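Welcome, and thanks for taking a look at this one with me. Here is a short briefing on backbone angles and nonpolar packing.

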Amino acid sequence: VSAPTAEVTSSRRPSLPGALRTVVLLAATPAVLILAWAATAALVDSSLVAGPWDSTQQMADILTSSRYQESLLDTVQVLAVSYALAVGVGGLIGFALGLSPFWNRAFSPLIQGFYSIPKVTLFPLFLVFLGLGVLTRTSFAFVHGVFPVMIVVMAATANLRLDPIYLKLAASLRMSYGRLVRTILLPAVLPSFLTAARLGFGVTFLGLLLAEMLIGNGGLGEELVRNIHLVRIDRILGQVVLIGLLALIPNALLRLLEVRVTRRMQGDVRG
Amino acid sequence: VTPADVLRERDTQRSTIPGYLRSPPRRVATLSATAWTFAMGLGVVVLVELVARLGLVARTTLLPFTEMAAASLRLLTDGSFYDDALVPSLVAIIVSFILSSALGVVLGYAIWRVTGVRRALDPYLTAYYAVPTFALYPLLVAMWGTGRGPIVLLATTFSIVAVIMNSMNGYDSVPAVVRKLGQSLKVTERQYFFKFFLPYAVPYILVGLRLAALYSLLSVLAAEFLLSDQGIGFFVSNAYTRFAIADMYGGILIILVIAIAVERLITWMVNRLTWMGSLQ
């Protein structure tokens, strides 16, 4: 997604100062969504759809309950472990396979195939082999996150590995293969690795939430499902918003890091 | 030493050329890469078969692969499996795939055309897949129950953004020269749109459609798995709760085959229809 194409239109009308314009642009989407939400809640029977205000109150309410705080902490901990594993393992395997054009071709269809499987169908296997505890939640989230990371890093490494510029540079400096990998390919793949890490976060979180919804003994996923049977729409909405915020903050930080590193490595951000 | 020297040297005395400049091997241990792919896939199947047959894992946990396959075939000859599991799932997947594809291409164009809207939406579209959209499913169920509607709605909501973003990339990719070509050929707006602009964006749109297919599959099955009373996701989760281990593995195997077939088919179509070479 590239943004710079839009500069032209600002010449038509007197433009707002840059910073203010950015804030307005950023706030527009949430503002429209909240207005639409409020309008829907006002039009429909309010017991069926809770408005933004009710849900915010519920969210504040939920956050003060010690039970929910425990679930939140639980989810964050499991998420941190499984995400770190997914990025580490996915990055390492992806890089290693990307370095070898032959094995890259041999493994790609298998990895793509496994990635395209809806992992949720394998969930009973996790239960059967790993039980109902933290181990299942962690590994289920890990399995969701590791393949996207691996695929992106692998493709990026494979592209660099076959790029004649890098290879000829290394050859003309009489570099060994080990030095080529360490001093040229590894730094060059860093921006793609950070992209992969950002993409992997959302998928890992999704996997964890699914596992928690399915097992139902702890975590934010369980809290969500618990409220279905109570038909507490206001509570569910409050939690959905909370989960959204929880996901967006790390994503924004990762994106910031990605943009900075990419800019430093390439002088500009691509893609 | 210039690259040209290096290349010349490669032709005369191979030994001084670093290995990484040589073209990769075509075969390892007499097998091509494709043969290795099949060998490794087959290896996993044989491993499952052996582990189960030798009793390393209890029969109540793991079945030999041949018995899983037999269970799948038995399900596929069972009429009620079609009516209650396979058909409802496939219909939901196809409907949400078509909805998200059609709406995504159109919405993507609308957003792409209006600069202000696009700039406002861009950061949120990029961050969309960081948010577990699936958290909405309990909400939809609480509001409308466990019918097919909430499932299709969830799957479409989840898939559509991939189509929107990739179509927008596609519209971005149309260079000014194509516009100028259209002008100098004096085509109408309509002709320009359908014969120049849209075809140019097709390779990117196809990438979005491939993701939409996988995402529809994923979210329909996950929703059925979690809370539903029909569909193949429900069938597998129900078989698990009933300890019907053969039904469970049979159902899982059918899903795996469908998922891989869909992925391969769409990748093949993308590579066939695209004019820019393989996009992976």
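Predicted model: local features only at pLDDT ≥ 70, side-chain atom pairs only at ≥ 80, totals over all residues.

**Positive phi angles**

- As background, most residues other than glycine have a negative phi.
- B:A29 has a positive phi of about 50 degrees, although this residue is not a glycine.
- You will find B:A29 in the chain B loop that runs between β1 (27-28) and β2 (31-32).
- B:A29 is exposed, and its relative accessible area is 59%.
- B:K186, also not a glycine, has a positive phi near 55 degrees.
- In chain B, the loop between α8 (176-184) and α9 (189-226) holds B:K186.
- The relative accessible area of B:K186 is 72%, so this residue counts as exposed, the cut-off being over 50%.

**Nonpolar cores**

- In soluble globular proteins, nonpolar side chains tend to be buried together.
- The largest nonpolar core has 100 residues, and the members touching the most others are B:F81, B:F134, B:Y137, B:I232, B:M248 and B:Y249.
- Helix α8 (residues 177-215) of chain A is the top contributor to this core, giving 10 residues.
- Another core, of 20 residues, lies apart from the largest one and includes A:F95, A:A170, A:A171 and A:V189.
- Leaving aside residues up to four places away in sequence, B:F81 touches B:L75, B:L76, B:L86, B:I232, B:F235 and B:I254.

Definitions and conventions
Residues numbered from 1 in each chain as written. Chains lettered and ligands numbered in written order. Heavy atoms only, no water. Helix = DSSP H or I, 4+ residues; strand = E, 2+ residues; numbered from the N terminus. Buried < 20%, exposed > 50% of the residue type's maximum accessible area, 1.4 Å probe, protein only. Core = buried A, V, L, I, M, F, W, Y, C linked by side-chain atoms within 4.5 Å. Contact = heavy atoms within 4.5 Å.
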